[in-house]
Amino acid sequence: MRSHLAKMLCFALGAAGSSGAAAQPRSEPPQSVQEPGPENPNDSPGYTPDEEGPSASGSLKLHGYIDVGFAKAQGNGSSFRQGDTRLPADYGVDTFAPAINSRGEVASLDAGGRFVNGFLPYSMEIGSRASFFINTVNADIQYTPPGAPLLIFARTQLLPRFANGTKTRVVVEQAFGRLTPFSSQEFALSVGKFDSVFGIEYLENQANLRIGITPSLIARYTTGQSIGAKAFYRYHLPSISSAISINAAVTNSGNWVESLQTPDISLTGVPNGTARLGYELNMLGFQVKVGGSGMYGPRNDQQSSAPRQRAFGVDGRVILGWLSLSGEYINLREDSGAEPGKYTGTGVYPLASGFKVDGFYNQAAVAIPTGATSLQTVTLYARYDRRHAEFEGFGPILTSRWTTGARLDFWSALAVKAEYLFNRENAGAPTVPNDVFTSSVVFTW
Amino acid sequence: MRFTYLCACAGILLLRCDSVNPSTAPKVWSAVDIRDQAIAGGTIAGFSASDWVTLRGNPIPMLSPPYGASPRLQSANRDGLNVMPAFSEGKTAAYAVAEAWQNIPQLWIQPWYRFVTSYNPANPAGAPLPNAMPIVDIDTTSWFYCPFWEFIYVVVPADTPPDKYLSASQLFQDNLEMHRGGSGLVAPLAPGDILPAVAQSDPSPVRPFSNDAIGTAPAGLNIPIALKGATRTSTLYSSGLFTWDSTGVVDQVPLFVFARVDASGQTVPFGLPNVIGTGPIGSGRPARLTGSGMPQFGALSRVYLTLLPPNAGVFIPSSQSSLRSYFASLGGIRVDPINPAIEARTDAKDYSGRVALNSASCFSNPATFPSGCQWLDSQAALEINLGPGRLLQQDLLLTSPVLYFNGLKVGL
């Protein structure tokens, strides 16, 4: 019971617990009992060096999930207000607010034909109509070569979309190889496309991992995968039940989500550097994890490396019994573009304005184990997000959101989630009906 | 150790970062910026800022030697946007450069909120809220700033204090009723002491070369507006004299600036009257005019440096001997003699500064002047006679309100 509870709480935080293999969340599919979770080698205790050394026979494992959604949004499904003729239309509102799934895709991006300048998420384009949809069909392949301290991992996702919204795509969300050269040290080097190392919300990127459904209002800046190299090292301090970790990466695009900066190639020829320094205290039934992150490099929506982007953030997690608390803050600045043209995942736009943002979220979750074999856990959660953003020369906008919902976990293979997003335009942005009800059924194998 | 090495490599790569190249970086040059450049003796995209702005008390370039007999000084209490002589559709014209947009491909119209106490689509401005300032929401610090505004009528109760609303966000906060007006203003944000240039000796701005008066003293063009809670000044040039498309992109036209290649190989403007186009290059779009003949084009223009063939010559009467000598000394353009009978025509001033492809023959023959001249005084004439190889598009847009066209004083 206790062990199960610990699993659930760690899961609720989006990171593994402190009890090694026992704390491997069921939702981190590429892992085996003794294998690290290759997508999350941050300060997650899920990373556990293979005590037996490299496997003599090697292994090939297949995992995955299917995320089916149902949602209904207010208004026209977007944050654009009819009658607001300021341009670009996406500079004076938060286009990411009416999210409907774990990818951060929104119900609509219908700006009424007005000009937008590429600060956009992807869209399911259901508008205000209630609709079912397939969020993600995810397939993971993990291979461990025989006799080598190496892990190879690929995560491929099919995203079926209606033609008037974002196009149907097949996305290689992660593809990397990871070398763990020292059996005596918790140290790993990865090369390829991997998760962000900034903050903690990226740990919940996948629908089966995330407690709730939708990402926070600051997730667009911290949770993007990118291509490059990274190194992770953790030093244990067993005398004080603690550990210190550092996770550092050089990548094409930093931590932005793909709709805002492409991770696929470096447009500037110069990488972004990102790092997180973490501390964790692991005690029985009580854990504290805190970290500080930084990012610096050229903005990868420009072809000149002169315009820089810089960010810092702090994060914290506390697990106490059934209760888990987490929070994250980010402050980010982008220089103005040095040339015309802004190249994002959603297209090419005329100009890359200077930009600054700061924001945070706080989340509380209670994961209640039932002891049953079918419905194993009931999780209730609430999150508060706040975002203050300003494009150069435009007025700042302040938006916030309350998200509350519930998650039911069955047989370690099925998660049923439902939540409501109360989006608020606190200042600068026009008030608009853009609250969202969304739900998700995730089948994991 | 490996990690340290990795970080070192990353650091070296980061050190390779480019620096911003001013020639390719997008930049909005507001009226204040242009004035500052003129004070500093600087240039904007290769153009001397002082070609566009004359600082108070200084000689107005195109009214002073070699263009005029003696220096004519700008008004002592304000700086002047030089009145630039031009031709368009074969007619005399004039404009001023109020702002410049370097490496910014196009402009998008922005809202200009006007308060009314009731809304009547047939007369939308018929019930204004007394003493209330209009509101705009974007400053010149943004690349999306645009001096081309669309009227948005905001309906408020009649007893609304005129200073209750000073920012657009307040309008949305209170969910006020709004109506699009369908027409707009050319009104750059500029301090009240930068207006079309007026010589101290003149009552109003004049068009160089022809000396046509193009308006009254322009001080009344300034109006106060509210921008994010602060009061600013806008210079009101015209209403309804520009167009935009369904996505809000303001229509731009080419501005053909006659230029030559100097000894250093640089392409530099001649300092002649330019030619204002009427539509995109190659579009063949006819001039859009209001019912009263006012041009609905030209207020937003893209610069095309225009190279002349060797046979092209400029019409400069013999009375302006210094100017004839000046252009002759520059080279790259003919300064042919003009038959006295032609110079004696009452409309000769309207040809001053105009360029003809066959100047040698047409300036000498009163019988065929002016119809026998191949004038380069319209977009169509330039496109047909010069071809695209001599029309060099620049990454430079100008807020260039037309002040004078075909004998009409344009604007407010």
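Chain B is divided into domain 1 (27-103 + 194-219 + 404-409), domain 2 (110-190 + 225-239) and domain 3 (253-401), with bounds that come from an automatic or database domain assignment. The model is predicted: local features need pLDDT of at least 70, side-chain atom pairs count only at pLDDT 80 or more, and totals for chains, interfaces and linings use all residues. Residues are numbered from 1 along each chain as its sequence is written, chains are lettered from A and ligands numbered from 1 in the order in which they are written, and side-chain values use heavy atoms, with hydrogens and water left out.

Taken over C-alpha atoms, the centres of domain 2 of chain B and domain 3 of chain B are separated by 39 Å. Five residues from domain 2 of chain B and four residues from domain 3 of chain B take part in the contact, where contact means heavy atoms within 4.5 Å. About 330 Å² is buried between domain 2 of chain B and domain 3 of chain B, and carbon and sulfur atoms give 93% of that area. Buried area here is the accessible area (1.4 Å probe) that two parts lose on being put together, summed over both. On the side of domain 2 of chain B, the residues that lose the most area to domain 3 of chain B are B:Phe148, B:Val186 and B:Tyr237, together 80% of what that side buries.

The side of domain 2 of chain B that touches domain 3 of chain B divides into five nonpolar residues, no polar and no charged. In this division Ala, Val, Leu, Ile, Met, Phe, Trp, Tyr, Cys and Pro count as nonpolar, Asp, Glu, Lys and Arg as charged, and the others, Gly among them, as polar.

The interface between the chains comes next. In it, 43 residues of chain B are in contact with 46 residues of chain A. The area buried between chain B and chain A is about 3500 Å², with 65% given by carbon and sulfur atoms. One salt bridge is counted between chain B and chain A, and a salt bridge joins the side chains of A:Arg86 and B:Asp137 (2.8 Å, N to O). Seven residue pairs are in polar contact between chain B and chain A (both at pLDDT 80 or more). On the side of chain B that touches chain A, at least two residues each come from α1 (2-15), β9 (110-116), α3 (168-173) and β12 (177-186) of chain B. Helices (H or I, at least four residues) and strands (E, at least two) are DSSP runs, numbered from the N terminus. With six residues, α1(B) gives the most to that side of chain B. The residues of the side of chain B that touches chain A divide into 23 nonpolar, 13 polar and seven charged.

Some backbone features of chain B can be located in its loops. B:Pro65 and B:Pro66 are joined by a cis peptide bond, with omega about 5°, and B:Pro66 is in the loop between β4 (53-54) and β5 (79-81) of chain B. Another cis peptide bond joins B:Phe369 and B:Pro370, with omega about 0°; B:Pro370 is in the loop between α6 (359-362) and α7 (379-386) of chain B. B:Phe209 is not a glycine but has a positive phi of about 75°. B:Phe209 sits in the loop between β14 (206-207) and β15 (212-213) of chain B and is buried, with a relative accessible area of 11%. Buried means under 20% relative accessible area, exposed over 50%, and partly exposed in between (1.4 Å probe, protein chains only).

Chain A has two helices and 18 strands, and buried residues make up 61% of its 445 residues. A:Glu201 lies in the loop between β5 (186-194) and α2 (219-222) of chain A and counts as buried because its relative accessibility is 2%. The side chain of A:Glu201 makes a polar contact with that of A:Arg210 (3.3 Å).

Conventions. A polar contact is a pair of N or O atoms within 3.5 Å; within protein, one must be able to donate a hydrogen and the other to accept it, and residues adjacent in sequence count only if both atoms are side-chain atoms. A salt bridge is a side-chain nitrogen of Lys or Arg within 4 Å of a carboxyl oxygen of Asp or Glu.
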